[in-house]
Amino acid sequence: MTTPLETGLHTEYIRKQLVQAVFAADYSAAAITAPFDSATGALATIPAAYVPVGYTTDDGVTFTGDLSMSDVTSSQATEPTRSDVESDVLSAQFAPQETNAATVALYEGLSLSGSGALPAIGTAWQWDRATGTANPYRRLLFIGVDFNEGGEAIYVVKFFPRARLTSRDDEQWARSTETQRPVTFNAYRDSALGTPCRNWIDGPGWRAFDTTP
């Protein structure tokens, strides 16, 4: 008896991140270790040290994995006879549309809290462009939400415990478009957590899936 080709196909497992949110904190802030309520799967309160980036462009957040392999080739084979990971770099790219404390700080290399942080919106802002090699590490929290057929939330969370700005695109002033501050951050291994990126999937909608055979 053959296995039907439809075996293992589940339309309800096709996910989108209908809404995305990005939060940033200084590296001195406590790491995110439990983003969900263990009993219900509901999203936990985000610590105050994590500042919201706000609206981003329609592209959302793009996570890029730059995997580089080192191959050994041999005259007796047409394919590599040995292949080893040389580097595996994870990055996140997003383009904030708001002018707020988080977007300016991430783009300009400013602190997100304490004496070097920008004051509240509505008060006078002044900052100088960072000189030298100043490029602080950050903690970045990415949250995406989808919904099951019953309207219950399914969350996908990525946490960069030690992230650093590696690229920023142009800040354009124009009548035709909003001011954006596009940035790219690489994820680096955090010695306390032992990983450059921790991932979770949870939520009431996730827990509602029928797991019986």
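**Burial, cores and strand pairing**

Trainee: Does T195 count as buried or exposed?
Mentor: In this predicted model, T195 has a relative accessibility of 16%. Buried means under 20% relative accessible area, exposed over 50% and partly exposed in between, with a 1.4 Å probe and protein chains only. Since 16% is under that 20% limit, T195 counts as buried.

Trainee: Which pLDDT do local features need?
Mentor: Residues are numbered from 1 along each chain as its sequence is written, and side-chain values use heavy atoms, with hydrogens and water left out. In this predicted model, totals for chains, interfaces and linings use all residues and side-chain atom pairs count only at pLDDT 80 or more, whereas local features need pLDDT of at least 70.

Trainee: Where is T195 found, and which residues does T195 contact beyond its neighbours within four places in sequence?
Mentor: T195 belongs to the loop between β7 (183-187) and β8 (198-202), strands (E, at least two residues) and helices (H or I, at least four) being DSSP runs numbered from the N terminus. With contact taken as heavy atoms within 4.5 Å, and those neighbours left aside, T195 is in contact with P161, Y188, R189 and D190.

Trainee: What is the relative accessible area of F94?
Mentor: F94 is found in strand β4 (residues 82-94), and, beyond four places in sequence, F94 touches residues that include V22, V53, L106, F142, R181 and F185. F94 is buried, with a relative accessible area of 3%.

Trainee: How many residues does the second core have?
Mentor: Leaving aside neighbours within four places, F142, of the largest core, is in contact with A21, V22, V61, F63, A92, F94, V156, V157, K158 and F160. The second core is separate; A29, F36, I143 and Y155 are among its members, and its size is 15 residues.

Trainee: Which residue of β7 stands opposite Q93?
Mentor: Two strands pair if DSSP finds at least two bridges between them, and β4 runs antiparallel to β3 (residues 62-72), joined by 11 bridges, with M69 opposite V85 in β4. β4 also pairs with β7 in the antiparallel sense, over four bridges. In β7, the residue opposite Q93 is T184.

Trainee: Is L90 buried, partly exposed or exposed?
Mentor: L90 lies in strand β4 and, beyond its neighbours within four places in sequence, is in contact with F63, T64, F160, F185, N186, A187 and C197. The C-alpha atoms of L90 and P52, 38 residues apart along the chain, are separated by 21 Å. Because its relative accessible area is 22%, L90 is partly exposed.

Conventions: Core = buried A, V, L, I, M, F, W, Y, C linked by side-chain atoms within 4.5 Å.
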